[in-house]
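Me: I would like to go through a pocket and some strand pairing, with the terms set out along the way. Here is the model.

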Amino acid sequence: MSIIIKYKNLSGEQITRQQAQNIKDYYFKEEYDGNLDLRKRISYDQGEIFHVIHYLKNDEDLNNAIIYSSNQYGGGGFYFNKQIINGYTSWDIESYENMTKVDKAKKICDATGRTIAYQKIDIHTNEIINTKKYFYLDGLGSFFSEAPPIPDNGRFDFSYDEPDLEPGEIFVVINLMLYMDVGGGGFNIGAEENIFFESPELASVFTWEDHPYYHSASPLIPNITIV
């Protein structure tokens, strides 16, 4: 089976092997099969492997993959049980240190591979710990297009079921200049306050009523093609 290898920097830009080896901090080595499906992602820090993620086909055995990665890398992360639902890709995720499970989650990606939901799950009880959902602006609009960009510019990060939130409350981080600074990192959304109603500038690029997927943690997989 042919393997295609790609190297990427921390920004996700493809680089050469030589460029990767000259990087002093983080870079990634990705392995793809002949169908261009991602099979393995190795993270390097100062030239040393510090994390490995395996992407399993549905006919591959998870236990065998865990044993292999434990022997080769001392553990790793595993994406498995891949499903395509309503145009979105769902993955089950487990992470191991050697043979010991340390994390469990579910991840939903859109057609472009962007993460739109991530749900952390208790490894002992399988109960949901917390849920995060992500919205990506396709255009910044006239008000924000002139502002200096910041990391993850145009992405809104919604958090649910956090211990410091009241029942039904949502916490949102708005990755746009002005709102990151003024809000100190984020805003609570609840019965008495909603930044998307209070800010005409935000309402011009994100109308709260048009995006019910973000009103609660459920459903995790959207039942519509555009969220």
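Reply: Two strands pair if DSSP finds at least two bridges between them, and strands are DSSP runs (E, at least two residues; helices are H or I, at least four), numbered from the N terminus. This is a predicted model, in which local features need pLDDT of at least 70, side-chain atom pairs count only at pLDDT 80 or more, and totals for chains, interfaces and linings use all residues. Residues are numbered from 1 along each chain as its sequence is written, and side-chain values use heavy atoms, with hydrogens and water left out.

Me: Which residue takes a positive phi in the hairpin of β4 and β5?
Reply: β4 and β5 run antiparallel, joined by six bridges. Two residues lie between the strands of this hairpin, and the one with a positive phi, near 55°, is Gln46.

Me: What is the bridge partner of Ile53 in β6?
Reply: β5 pairs with β6 in the parallel sense, over three bridges. In β6, the partner of Ile53 is Gly77.

Me: Which element gives the most to the lining of the largest pocket?
Reply: A pocket is an open set of points on a 1 Å grid over the protein atoms alone, where a 1.4 Å probe fits, with protein on both sides within 12 Å along at least five of seven lines; lining residues have an atom within 4 Å of a point. The lining here comprises 34 residues, with Tyr55, Tyr79, Lys107, Cys109 and Thr115 nearest the centre. Elements giving two or more residues include β3 (26-32) and β9 (115-121). With five residues, the top contributor is β8.
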